[in-house]
Structure formats: structure tokens, C-alpha cells
Amino acid sequence: MRLDGWRSRLARVAQTAFRTCPLCEATCGLELTLDEQGTGVSRVRGDADDVFSHGFLCPKGVALKELHEDPDRLRAPQRRLADGSFEACSWDEAFALVEAGLRDVVSAGGRNAVALYLGNPNAHNLSSLLYAKPLVKALGTRNVFTASTVDQYPKQLASGLMFGTATTVAVPDLDRAQHVMILGADPVSSNGSLMTAPDVRGRLQAVRSRGGRVVVVDPRRSRTAQSVADEHVFIRPGTDALLLMGMVAQLFSEGLVRIGRLERLCAGVDEVRALAAPFTPERVARPTGVPAEVVRRLAHDLAAADRGVVYGRMGTTTQAFGTVASWLVDVLNTLTGNLDRAGGAMFPLPATGGPNSRGEPGRGRGVRFGRWTSRVRGLPEVLGEMPAACLAEEIDTPGDDQVRALITLAGNPAVSTPNAGRLSRALAALDLMVCLDVYVTETSRHADVILPAPSPLERSHYDLALYGFAVRNVANYSPPVLPVPEGTQDEWRTLLRLTAIAAGHGRMDVDRLDDLFALDMLRREAETPGSPVSRRKPEKLLAELAPRRGPERLLDVMLRCGPYGDGFGARPDGLSLAVLESNPHGVDLGPLQPRLPAALRTPSGMIELAPPEIVADVPRLADALDAAREPSAMLLVGRRQLRSNNSWMHNLPLLVRGPARCTMQVHPSDAARLGLVDGGVATVRSRVGSIALPVEVTDGIMPGVVSIPHGWGHAVDGVGWSVAAEHAGANSNVLSDELLLDAVSGNAVLNGIPVEVLAAESGADGGGASRAGRSEGVGVGAGVPAQPAG
Ligand SMILES: Nc1nc2c(c(=O)[nH]1)N[C@H]1C(S)=C(S)[C@@H](COP(=O)(O)OP(=O)(O)OC[C@H]3O[C@@H](n4cnc5c(=O)[nH]c(N)nc54)[C@H](O)[C@@H]3O)O[C@H]1N2
Ligand SMILES: Nc1nc2c(c(=O)[nH]1)N[C@H]1C(S)=C(S)[C@@H](COP(=O)(O)OP(=O)(O)OC[C@H]3O[C@@H](n4cnc5c(=O)[nH]c(N)nc54)[C@H](O)[C@@H]3O)O[C@H]1N2
Ligand code: SF4
Ligand SMILES: [Mo]
């Protein structure tokens with residue numbers, strides 16, 4: 001009897017696997033039920049015992065099963081044939097093509113002729129988090145592009161200038177805050193960003209149940225505004241920096257500034273006071289659309305709150321004043337005494353440590369940028385990269401150092417970056433294109449070679465990047481649930497092979513290269529002052545790590561040398577990968593703790609409240625106070641949708657069923673003025689392109705603003721997405737203008753783009769959702785010149 005019970009329990013345990021969802025920043029724990037053969041997954045649920053997510057999951061987590069099973073997902077390398085179609089080939093053949101192609105491009109045009117683009121999924125992929133860097137180094141090109149410059153770099157740059165490293169980003173201490181002011185983020189749809197917090201909605205509801213307050217500032221009544229906010233304030237796109245300056249000015253003029261514990265650590269308080277003075281609530285009211293009394297009250301409420309926090313995301317970063325707005329968010333947190341205190345804006349301390357926990361505490365080199373400039377437009381380098389908004393011109397403008405080859409790692413820039421029409425045409429004209437991707441996408445359809453990766457269930461996972469932004473310190477490692485199938489290989493092996501090729505050692509054994517790489521990491525660790533292994537021999541440490549290799553070995557080094565680590569024996573109770581392996585629901589390391597001044601890495605050892613690079617952009621902000629607005633121009637903003645993940649999960653039936661979601665939202669007053677009807681079709685034009693898509697009339701958006709989600713526009717020749725092609729939608733980045741940038745960071749402006757909106761003639765008969773999406777969006781995406789806006 002007892003034995004039988006034990007047996008069936010064992011069988012049950014053997015059929016259940018726990019793993020962290022790798023699809024967004026929330027890091028939810030999943031419970032996966034394996035099918036009877038153990039070759040697939042029969043059910044996905046939230047892991048009720050997960051130390052961080054406690055059973056929460058969203059529809060995308062459930063869709064991991066469909067992603068794993070998707071027949072369109074690539075399972076073998078592909079080479080492109082002369083007629084443009086793809087044919088499966090062997091890995092050796094694929095690498096030989098890459099090697100020959102790179103050799104030709106580099107010998108003709110030099111190292112900068114090869115560009116690299118890294119997309120969003122790299123931030124959720126242990127292989128690339130650890131092995132993309134050596135590839136970038138080996139390529140030795142300045143033309144490194146990532147999705148970060150269509151996303152969060154303004155925040156990281158502002159944080160770097162204020163606190164000393166680009167990953168020293170203050171996150172809302174959601175679970176203890178009593179007042180949360182959210183600008184330009186919709187965490188109930190996005191599940192949070194630069195704020196790793198599974199079940200944001202639940203956590204925000206908890207703020208209110210304990211008597212706190214949630215305020216959302218957004219040109220759209222977002223799901224967050226609708227479902228968990230006490231107050232929603234409409235704001236004209238691109239003007240958050242003005243609103244925030246108005247609040248700063250109000251705090252000073254009413255004597256509400258209370259920095260508290262960090263007062264003596266702050267440089268530049270008087271300068272901030274002087275900078276903000278002209279931006280009175282009365283003056284910012286007109287351009288922002290936020291009445292002066294509301295600006296004043298928002299400042300009062302924040303100052304009066306016992307434990308309050310201001311948080312800004314996409315709507316504040318991907319706009320014309322991205323860096324200034326991101327800076328002001330933390331200026332407000334600091335001036336109200338909420339920086340680095342419980343319930344305010346705090347700095348996580350992840351288990352693997354990071355640049356603000358290593359080395360000498362309290363002081364450092366600071367961040368560097370602008371060390372070189374882009375060839376065509378002269379845009380400054382930012383945190384080692386070129387702005388994604390200049391990728392197309394680097395390819396299509398002839399001259400020395402012209403980009404002739406592109407390697408993409410988990411990115412779909414043809415959909416995700418500005419002036420997608422121009423970029424698509426540029427991609428088609430490259431001499432060599434190599435894509436590491438799991439689908440034939442709008443981007444990888446141009447590739448000469450596509451190198452696939454295992455499905456998320458076939459690889460291990462640890463959120464090396466995102467735990468650095470988590471609202472609680474946690475650590476959770478997931479081993480692969482299923483083996484890597486025949487014909488596929490681990491992505492770290494692919495990255496190391498490419499590294500070897502780029503370094504001119506194409507035949508080198510990948511395992512040997514991996515050993516050298518691990519040894520190098522140990523050597524650097526042993527040389528770091530204060531490291532628990534500072535006097536240990538790297539070769540001996542390497543031997544201790546056997547038989548681990550690949551990402552697991554490197555992760556073990558980071559965990560063991562990290563702030564909670566076992567120090568390779570120095571602190572026997574500490575963390576190691578083995579400890580995480582025996583805790584499948586994760587290890588909770590507790591709530592966030594104050595970390596200043598130790599976490600600072602500014603050269604001065606101070607919190608730089610008025611960094612000169614940002615202050616230099618304030619005159620431009622002052623100009624915006626009086627800027628005349630073109631009355632006829634509508635401003636385009638984006639939006640995220642729960643059952644979507646940027647551009648690449650529209651091929652999963654579970655996520656695309658129901659009415660078409662790629663719609664243009666418009667206010668009834670604008671709809672009436674422009675002759676648009678709900679369900680009809682609109683043509684939207686910008687300086688660079690034009691798309692047509694279904695109209696959704698709603699009073700949930702400000703007059704003068706239209707909203708279109710990004711990541712759509714899949715009805716393009718040659719994509720390998722059969723389901724997505726049926727739910728194509730239109731590509732909003734055909735409209736975003738590569739010349740509109742945040743001046744300080746070079747980040748693309750994706751919110752607040754001037755557009756012209758017309759009722760499409762064909763729309764009168766209600767052309768249908770996906771058809772409307774196709775009509776013009778396809779033409780542009782497929783390489784037909786974009787229509788210049790009128
Ligand atoms: N207009 C507008 N544009 C935007 C945004 C917006 O709000 N508005 N948001 C921006 C933001 S925040 C971001 S992050 C970017 C995203 O921009 P990108 O990262 O360029 O685009 P994704 O859609 O995330 O594409 C990811 C690609 O990786 C592939 N992939 C998925 N998993 C794996 C894997 O495990 N291995 C490999 N090798 N490939 C994989 C997918 O098939 C897909 O082709 O888009 C930006 N673009
Ligand atoms: N379901 C889902 N989740 C995702 C993703 C996804 O595609 N789908 N993508 C992931 C990625 S890569 C990221 S970066 C995060 C992003 O996460 P969030 O930033 O939370 O997501 P968005 O929905 O883009 O939120 C931007 C909000 O800013 C508003 N907005 C636009 N312009 C302005 C402005 O000028 N001022 C203000 N105050 N608001 C403005 C928009 O209306 C929108 O509500 O989400 C991640 N999570
Ligand atoms: S919220 Fe994010 S991490 Fe959680 S299940 Fe959904 S996609 Fe996965
Ligand atoms: Mo993003």
C-alpha cells in the first residue's frame with residue numbers, strides 16, 4: 001500500500017517539471033506536465049510554490065506549449081537558394097557558408113563592414129547573455145546595434161550618469177510602496193519592465209488594499225489605468241519631462257523637498273532647483289495638457305506619501321525627451337526622500353552580483369558614451385552601441401566602412417525598428433546576412449543562412465539580466481525540460497562556433513574554446529579586489545567546477561562569487577548552482593535593502609543629481625514649453641497587448657484568436673472630424689511611410705492622439721509564419737521616423753510621431769481586419785518604396 005503510494009508519487013514527480021517562463025520580464029514559475037512519453041508537454045500551469053510568482057502566469061506562458069510544437073519553428077539550419085526559398089542544410093555546411101561569406105566581406109570592407117543586431121529575446125536567454133559578448137568582441141566591429149536603443153537606453157544612460165553604472169536602475173519597491181505614480185507604462189498588459197514583478201496587477205491591487213494610491217499618467221486609458229488606478233491623467237505624448245519638471249519646480253517652491261538620509265550624498269541639488277524654476281505648473285499645463293492644479297496636486301501627493309515612488313517606462317523612454325524624463329523620475333524619487341528606501345525606488349542585489357556590487361564600493365569609473373560616432377549621421381555611440389535608428393542608412397549609404405553583412409541574434413529589426421520600409425529594402429541588398437532565429441521572419445527571410453535554436457523547453461534558464469531589476473531578490477534556475485532534439489544544437493555552441501569563425505579559428509573545438517572562456521572568467525574574478533576567490537588559482541577553481549560546462553559552469557562561477565555565494569568554500573552555507581538545482585521553486589533572498597552609498601560607481605562617489613550631459617538638453621526642453629503645435633497633426637503612440645510579444649508570437653493560435661487586435665485607436669471627436677468610423681479602415685501616413693488598418697473608436701484615448709500596437713505586419717512575401725500571415729495586421733514601424741531621436745541617448749522616438757490620418761477609400765465597405773492590415777503595410781514591408789507622406 002505504502003510502497004504503491006510512493007511509486008505513484010514518484011511517477012507524478014517524474015512527469016512534472018518546474019521552470020521559469022522566459023518570455024517576458026516577469027520571470028513566472030511554471031509547472032509543466034510532461035506527456036506520457038516524456039517527449040512533449042501536455043499542460044502548463046503557474047507554479048503555486050514559486051517563491052516569487054506564487055502561481056501567477058499569463059496566456060503567453062500557457063502558449064509555450066504551442067511554441068514548442070509549432071510546425072513553423074525552425075529545427076535545422078537553413079540556406080537560401082537562388083529563387084529565395086530556404087532549404088535545410090547541415091550545421092557544417094551552414095558554418096562553412098558563414099565563414100566564406102564573412103571572409104569576403106571583411107577582406108573587401110574591413111571589420112566595420114559587418115554589423116550585428118541583437119534583439120529582445122537575448123535578455124531572456126542564458127546562452128546569449130553569457131556567449132554573445134565574446135562574439136561581439138571577436139567581430140571587432142563598431143556597428144553593434146541592439147533593441148535597447150528602441151527601448152530602455154535613455155533610462156539606463158540616465159541611471160548610469162546619476163549612479164555610476166548602466167545597470168544601477170532604481171526599481172519601484174512595489175510590495176511596500178504606499179503611493180505609486182506610473183508614467184508611460186502599462187504593466188498590467190506588459191507584465192512589467194525594468195521592474196521584474198510577477199503579477200503586477202495583484203501587487204498594485206495590494207498597494208490599494210493597504211490604503212495606498214496608484215496614479216497612471218498616459219495619453220491612453222491603458223489596462224493599468226482601467227483596472228488598478230485610483231487616478232488616470234491624460235498627457236500629451238512626449239511631454240512627460242515637462243510635467244515632471246513642473247512637479248520638481250513645485251516641490252522647491254513650496255519647500256517640500258526632503259531628501260533625508262541621502263542629503264549629503266547628493267551633488268547638484270541647487271542646480272536642479274535653478275533648472276526647474278522656469279517650469280512652473282502654469283507653464284507646463286498647456287504643452288502637456290495637464291491642468292496646473294493637477295500638476296501641483298501630483299507633486300503634493302507624492303511629497304505627502306509615506307513611502308512613494310515614481311516609475312516610468314516605454315512611453316517615457318522612447319520619446320523625444322527620453323533621457324531627461326528618465327532622469328527626472330529619479331530626481332523626484334530623490335527629492336522626496338524615496339530613493340533607496342523601503343517602499344520607494346530601490347536597487348536590487350541579484351545573486352550573480354554585477355558592476356555595482358563588484359570591486360571597490362561607493363565609487364567607480366562612471367559610464368562612458370560618445371567615444372565614437374556613426375559613419376553616416378555622426379550619432380554618438382551609446383553604451384558601446386550605435387542607435388538602431390541608423391542601421392538602414394549604414395547599409396544603404398555607399399562609402400568606406402559601409403555595412404555589407406549583418407548578423408542578427410534573436411532580433412526582428414525589419415518589424416521593430418524605425419522606418420521599417422527603408423530597412424527592409426536595405427536588408428535585401430546586403431552581401432551577407434546570417435540570422436540566429438527560430439522562425440523565417442520579416443527579417444530572416446533576407447538571410448543567406450538561418451541558424452536555429454532549441455525551443456525554450458529544450459534549454460536551461462536563469463534570469464541573469466532581469467533579477468537585476470526585480471522588486472524582490474530571488475534566484476531560480478531551471479534545467480532543460482526536454483532534450484535538445486537531433487539536428488538542433490544549444491545556442492551557446494552556435495555562438496562559440498561563430499566566435500571562433502570571427503576570430504579566424506573556424507575549426508577550433510567548441511569545448512576547448514569554452515574551457516578557455518571559463519578560465520578567463522575565473523582569472524578576472526580572482527583579480528577582482530574583494531572577491532572571495534581573490535587568492536585562488538583559476539585552474540584549480542576550473543577543476544572544481546567539473547563536469548559542468550557551457551552556461552551552467554559560468555553561472556556557477558557567478559553565483560558562487562556573488563553576494564550570497566559560497567565563495568568556493570569560503571562561505572559554506574552560501575549559494576551555488578547546486579543549491580538552486582535542489583530548489584526547483586527558487587530561492588527567496590528577501591525584500592530589497594538600501595544599498596547606497598556602497599552601490600554607487602560614479603567617479604565622485606556622489607549621486608549626480610545634475611549630470612552635465614543631461615543638463616545640456618534642458619534648454620531644448622524649455623523650447624518645448626512654447627513650441628507651437630501643428631493643429632492638424634495627430635500624434636501616434638504605441639501600446640502593448642497581453643496576448644502578444646513584440647513581433648514573434650503571432651503564430652500561436654492561442655494568442656491570436658478572437659477579433660483582430662492590430663487596430664488604430666482614435667477618439668470619437670477626431671473620428672468625426674476625420675470621417676473615420678469604428679470598424680472602417682484608416683490610412684495613416686508619416687514622413688517616411690504609410691499603412692492602412694482597421695479603426696477602433698474609443699474615448700479611452702486623448703483627442704489628437706492615435707494608438708497602434710507594434711510587432712504586426714506579417715503578410716510579407718517569404719515569411720514562414722502560416723498562422724501569423726492570417727492575422728497579419730500592419731507594421732507600425734513603417735511610420736516611425738528614423739530621424740526622430742532622443743537627443744541625449746540616440747534612442748528612437750516610437751511614441752509621439754506626427755502622422756496624418758485619413759479615411760481609406762477602400763474602407764467604406766469595411767475591408768476586414770486582416771485585409772486592411774495587408775493592403776499597404778505589405779507593399780511597404782515587401783520592399784516597394786514607402787509612400788512619402790503628403
Ligand atoms: N513602434 C514600436 N516599436 C517598437 C516598440 C514599441 O513599443 N513601439 N518596442 C520596442 C521594444 S521595447 C523592443 S524590446 C523591440 C524588440 O525588437 P526585436 O528584438 O528586434 O524584435 P522581437 O519581435 O523581439 O524579435 C525577436 C526575434 O527573436 C526570435 N527568437 C525568439 N526566441 C529566440 C531564441 O531563443 N533564439 C533565437 N536565436 N531567436 C529567438 C524571434 O523569432 C524573433 O525573430 O521592439 C521595439 N520596437
Ligand atoms: N504582453 C506583452 N508584454 C510585453 C511585451 C509585449 O510585446 N507584449 N513586450 C515586452 C517589452 S520588450 C517591453 S520593453 C515591455 C514594455 O512595457 P511597458 O512600457 O509597460 O509597455 P507599453 O504597453 O509599451 O507601455 C507604454 C505606455 O506608454 C503610453 N505612452 C505612449 N506615449 C506616451 C507618452 O509620451 N507619455 C506617457 N506618459 N505615456 C505614453 C502608451 O499609451 C502605453 O500605455 O513590455 C514587455 N512585455
Ligand atoms: S507574465 Fe511573462 S513570465 Fe509570466 S507567464 Fe506571462 S510571459 Fe511568462
Ligand atoms: Mo523591450
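In this predicted model, the shell around ligand 1 is made up of 13 nonpolar, 12 polar and five charged residues. That shell counts 30 residues, and the closest to the ligand are Y117, N120, D437, E491 and S647.

The side chain of D437 places an N or O atom 2.6 Å from an oxygen atom of ligand 1, and a polar side-chain atom of Y117 is found 2.7 Å from an oxygen atom of the ligand. R640, by contrast, directs a polar side-chain atom to a nitrogen atom of ligand 1, at 3.0 Å. Of the 910 Å² that ligand 1 exposes when taken alone, the protein buries 96%.

T417 sits in the loop that joins α17 (413–416) to α18 (420–428), and its side chain reaches the backbone oxygen of P413 at 2.9 Å. With a relative accessibility of 2%, T417 falls under the 20% limit and therefore counts as buried.

Turning to ligand 2, the reader finds 31 residues around it, of which D218, G238, D240, S644 and N646 come nearest. By class, the shell around ligand 2 holds 10 nonpolar, 13 polar and eight charged residues. Because domain 3 (173–346 + 610–620) and domain 5 (641–785) both give residues to this shell, ligand 2 lies between them.

The polar contacts of ligand 2 involve both side-chain and backbone atoms: an N or O atom in the side chain of S190 is 2.8 Å from an oxygen atom of the ligand, while a polar backbone atom of G315 is 3.4 Å from an oxygen atom of ligand 2, and a backbone N or O atom of L642 lies 3.1 Å from a nitrogen atom. On its own, ligand 2 has 920 Å² of accessible area, and the protein covers 98% of it. The elements giving two or more residues to this shell are α7 (187–190) and α14 (314–317), and α7 contributes the largest share, three residues.

Ligand 3, finally, is surrounded by C21, L23, C24, A26, T27, C28, L57, C58, K60, G61 and N191. These residues divide into seven nonpolar, three polar and one charged.

Definitions and conventions: Residues are numbered from 1 along each chain as its sequence is written. Chains are lettered from A and ligands numbered from 1 in the order in which they are written. This is a predicted model: local features need pLDDT of at least 70, side-chain atom pairs count only at pLDDT 80 or more; totals for chains, interfaces and linings use all residues. Side-chain values use heavy atoms; hydrogens and water are left out. A residue is near a molecule or strand if one of its heavy atoms lies within 4 Å of it. A polar contact is a pair of N or O atoms within 3.5 Å; within protein, one must be able to donate a hydrogen and the other to accept it, and residues adjacent in sequence count only if both atoms are side-chain atoms. Accessible areas come from the Shrake-Rupley method with a 1.4 Å probe; for residues, only the protein chains shown count as cover. Ala, Val, Leu, Ile, Met, Phe, Trp, Tyr, Cys and Pro count as nonpolar, Asp, Glu, Lys and Arg as charged, and the others, Gly among them, as polar. Helices (H or I, at least four residues) and strands (E, at least two) are DSSP runs, numbered from the N terminus. Buried means under 20% relative accessible area, exposed over 50%, partly exposed in between (1.4 Å probe, protein chains only). Domain bounds come from an automatic or database domain assignment.
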